[in-house]
Amino acid sequence: MTQTPALTRNQTLVLGTLTKAGEPLSAYAILDRLREEGFRAPLQVYRALDKLLETGLVHRLDSLKAFVACSHPHEHAGETMVAFAICENCARVWEFSDSKIEARFSAWAEAEDFETRATTLEISGLCAACRAAAAAGKPGKPGPETSRR
Ligand SMILES: [Zn+2]
Ligand SMILES: [Zn+2]
């Protein structure tokens with residue numbers, strides 16, 4: 001029983017861009033990649049993203065001000081917590097959820113009578129491949145800051 005929400009052309013294009021990228025993209029990076037498809041204004045991207053975020057097909061990463069396609073869109077039903085580990089060097093993102101962590105948050109929210117809408121955890125660090133590359137003395141993919149210096 002796959003319940004794929006009906007998407008407009010723009011929503012499909014934005015989702016496709018994020019899925020193909022396989023890494024987080026800012027709204028402006030998405031816009032750049034969709035200019036050939038007739039996208040002209042950031043608002044077109046934001047409107048599409050609003051709907052995709054609402055349906056859980058896309059997640060927003062506040063620490064990067066970027067968006068990623070959900071890696072398991074069918075597992076979000078009834079689940080409020082989603083966690084991301086983000087490699088600071090290559091920007092690869094791992095998405096996971098953990099029922100034990102979620103249970104802790106729920107217990108806290110219940111004790112405080114706090115109505116949780118969504119819980120997002122963002123973990124930053126270095127992935128195994130980047131640490132291995134650094135140990136071997138090879139610079140990994142340079143980030144935006146390091147490449148300017
Ligand atoms: Zn997800
Ligand atoms: Zn990495």
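The expected span of a helix is 1.5 Å times one less than its number of residues. Keep that in hand for this predicted model.

**Exercise 1.** Work out how the reach of helix 1 compares with its expected span.

*Solution.* Start with the count: helix 1 covers residues 9–21, which makes 13 residues. The rule of 1.5 Å a residue gives an expected 18 Å. Now go from the first C-alpha to the last: the helix reaches 18 Å, close to that expectation. Just past the end of helix 1, Gly 22 has a positive phi of about 65°.

**Exercise 2.** Find the buried residues of helix 1 and say what covers them.

*Solution.* A residue counts as buried if 20 or more other C-beta atoms lie within 10 Å of its own. In helix 1, that picks out Gln 11, Leu 13, Val 14, Leu 15, Thr 17 and Leu 18. Their cover includes helix 2 (27–33) and helix 3 (42–55), along with strand 1 (58–61) and strand 2 (66–69).

**Exercise 3.** Check the span of helix 3, then sort out its faces.

*Solution.* Next, list the buried residues of helix 3: Val 45, Ala 48, Leu 49 and Leu 52. Look down the helix axis and these fall within an arc of 105°, so they line one face of helix 3. Turned away from that buried side are the exposed residues Leu 43, Asp 50 and Glu 54. As for cover, the buried residues of helix 3 have helix 1, helix 2, strand 1 and strand 2 among what covers them. After helix 3 comes Gly 56, with a positive phi near 80°.

Methods. Residues are numbered from 1 along each chain as its sequence is written. Chains are lettered from A and ligands numbered from 1 in the order in which they are written. This is a predicted model: local features need pLDDT of at least 70, side-chain atom pairs count only at pLDDT 80 or more; totals for chains, interfaces and linings use all residues. Helices (H or I, at least four residues) and strands (E, at least two) are DSSP runs, numbered from the N terminus. A residue is buried if 20 or more other C-beta atoms lie within 10 Å of its own, exposed if 12 or fewer, and partly exposed in between; C-beta atoms are placed from the backbone. Two residues are in contact if their C-beta atoms, placed from the backbone, lie within 7 Å. The arc is that of the directions from the helix axis to the C-beta atoms.
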